[in-house]
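Open the model in your viewer and keep the selection panel at hand. The tour moves from one selection to the next.

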Amino acid sequence: MRLPNRLHKKISHNPPFVLGISFLVLIAVGTMLLMLPQASADHHSAGFVDALFTSTSASCVTGLIVRNTATGWSAFGKCVIIGLIQIGGLGTMTMIMWISIFTGQRISLTSRLYIREQLNADSLTGLVRLIKFATLLTLAVEGAGALLLASHLVPVYGVKTGIAYSLFHAISAFCNAGFDLFGDSLVSFQGDFLVTLTIAVLIILGGLGFVVYADLWRFRRHKRLSPHTKLVFVTTVALLISGTIMFYVFEFNNALTLKPLPMSEKILAAFFQSTTLRTAGFNSLNMGDITDPSAFGSLLYMFIGGSPGSTAGGLKTTTFAIVLAATWASLRGSDDTDLFHRRVGKDTVRKAYSLFVIGVSLVFTVSAVVVMFEGGRLKFLDVLYETFSAFGTVGVTRGITEMLTDPSKLILSFTMYLGRVGPTTFAMGLFHREHKRKFRYAEGKFIVG
């Protein structure tokens, strides 16, 4: 009995490990359900690899698909997918905590540690309140988005289908998942300001982070925002504006994308693509038709993703901003990294650089492996685009997802998982140590630059 008890203690005191395992359990359950013949539109099993890929993409709110969601899955399969998206967006620990609340169980300190790990909160205080707030906010925003979409989709598709489509796409957008039931994402709604802007706003709101919303709620009393919230807003706005300009400039004369559109629709399409690249996965332009400069420039935006504690994946906006700020401080010869008249802790800076290096190393390594698996059938830029999309849990593609071989699908599934859970969280879960070493080596002199 001693070994199991010791093992249980080791696992229970390792929140990153539990968080990673919880997503694996969700993916496994989704895979089994999607493998059922009843989940497929043709009533034939989708097979293990395709079911696993779809379950991972939905649970990790990515949006990459190996079969068209609208035509490849039955009503049951679509319900499974949207269920995985909702749970994956809110977070597995959130759902586990709600089960504890409904069954009258006490929320233990260990459970609070799990929740803090998932939400990237900096304190154990008020976590249960934050979870309740995040859940109610999610349902309220998704409901409002569904009502706006229904005002347009119900007249087009009828009451039953229109409401179902509105709910599905509101959840998919707020959770930054990018799954759609139209068959061509939002290409057919390219010039529709109501649908496109509603989806865009839901994506942005889903990518800000629940800690930010809690801070905004407290703003009523304290009349000040935390440095984290300020950094999230500034970075998000900067990325949206720069991404819009990038798409507008690079696609302006592209006859397959923006050139045929009126000026207002050009700006709308450019803004929407800038928004959706931040881990959402919808597209109002055919991404296979965009120019190579646009595709290459998109890699950075997909890599950055959304903000900590949100429904989005990727490196995270604040991580990227801190890396830039620390680099600028280093160039100026400053020992401190300052943002909004506050010093960024050295541990935070080190973690940001670690995340950046691990993320870049991961996507280029995975891209090289996928190219090897595909035997040169696909362009490297298209594979790189697909890998960045998987890591950032974006879901946009240059049209190669359905062409991938099974080994490539499996490795991209793992990449999506790492993008949602976080590569450092995954590594910390595997290599967790309870005791820090009690010695330090003598400082050595190393030359860099």
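Buried means under 20% relative accessible area, exposed means over 50%, and partly exposed covers what lies in between. This is a predicted model.

**Stop 1: Ser242**

Select Ser242, in helix α12. Is Ser242 buried, partly exposed or exposed? Its relative accessibility is 29%, so Ser242 counts as partly exposed. Ser242 and Ser274 stand 32 residues apart in sequence, yet their C-alpha atoms are 8.1 Å apart in space.

**Stop 2: the cavity**

The structure holds 1 cavity of 30 Å³ or more. The largest cavity contains about 80 Å³ of space.

Select its lining: Asn176, Ile203, Ile204, Gly207, Leu208, Thr236, Leu240, Thr275, Arg278 and Gly306. Which helices each supply at least two residues of this lining? They are α10 (193-206) and α12 (227-251). Colour the lining by residue class.

**Stop 3: aromatic pairs**

Show the rings next. The count comes to 11 aromatic pairs. Begin with Phe133 and Trp217. Their ring centres are 6.0 Å apart and their planes meet at 50°, so this pair is tilted. Phe133 belongs to helix α8 (residues 127-157) and Trp217 to helix α11 (residues 210-222), so the pair ties together parts 84 residues apart in sequence. Check the surface here. Phe133 is partly exposed at 23% relative accessibility. Trp217 is also partly exposed, with a relative accessible area of 47%.

Move on to Tyr165 and Phe182. This aromatic pair is edge-to-face, with 5.7 Å from centre to centre and 75° between the planes. Tyr165 sits in helix α9 (residues 159-174), while Phe182 is in the loop between α9 and α10. The pair links distant parts of the chain, 17 residues apart. Both Tyr165 and Phe182 are buried.

Then select Phe303, Phe356, Phe364, Phe388 and Phe391 together. These residues form one aromatic cluster.

**Stop 4: charges over rings**

Select Arg67 and Trp73. The charged end of Arg67 sits over the Trp73 ring, 4.7 Å from its centre. Next, select Lys266 and Phe252. Lys266 lies over the face of Phe252, at 5.4 Å from the ring centre.

**Stop 5: helix α17**

Select residues 380-391, helix α17. The 12 residues should span 16 Å at 1.5 Å a residue; the ends are 16 Å apart, which agrees. How many residues of α17 are buried? The count is 11 of the 12, so α17 is largely enclosed by the rest of the structure. The buried residues include Asp382, Tyr385 and Glu386. Phe388 and Phe391 are among them too, and these two belong to the aromatic cluster.

**Stop 6: Thr393**

Step just past α17 to Thr393. Thr393 is in the loop between α17 and α18. Its phi is near 45°, a positive value in a residue other than glycine. Most residues other than glycine have a negative phi. At 0% relative accessibility, Thr393 counts as buried.

**Stop 7: helix α18**

Continue to residues 406-421, helix α18. Its 16 residues should span 22 Å at 1.5 Å a residue; the end C-alpha atoms are 23 Å apart, which agrees. α18 is mostly covered, with 12 of its 16 residues buried. Among the buried ones are Lys409, Tyr417 and Arg420. Just after α18, select Gly422, which takes a positive phi of about 105°.

**Stop 8: His341**

Finish at His341, in the loop between β1 (337-339) and β2 (342-344). What is the phi of His341 near? It is near 60°, again a positive value in a residue other than glycine. Is His341 buried or exposed? His341 is exposed, with a relative accessible area of 79%.

Conventions. Residues are numbered from 1 along each chain as its sequence is written. This is a predicted model: local features need pLDDT of at least 70, side-chain atom pairs count only at pLDDT 80 or more; totals for chains, interfaces and linings use all residues. Side-chain values use heavy atoms; hydrogens and water are left out. On a 1 Å grid over the protein atoms alone, a cavity is a set of points where a 1.4 Å probe fits but cannot get out, and a pocket is an open set with protein on both sides within 12 Å along at least five of seven lines; lining residues have an atom within 4 Å of a point. Grid points are joined across faces, edges and corners, and a volume is the space filled by probe spheres set on the points. Helices (H or I, at least four residues) and strands (E, at least two) are DSSP runs, numbered from the N terminus. Rings of Phe, Tyr and Trp (its six-membered ring) pair if their centres lie within 6.5 Å; planes under 30 degrees apart count as stacked, over 60 as edge-to-face and the rest as tilted. Buried means under 20% relative accessible area, exposed over 50%, partly exposed in between (1.4 Å probe, protein chains only). A charge sits over a ring if NZ of Lys or CZ of Arg is within 6 Å of the ring centre and within 35 degrees of the ring normal. The expected span of a helix is 1.5 Å times one less than its number of residues.
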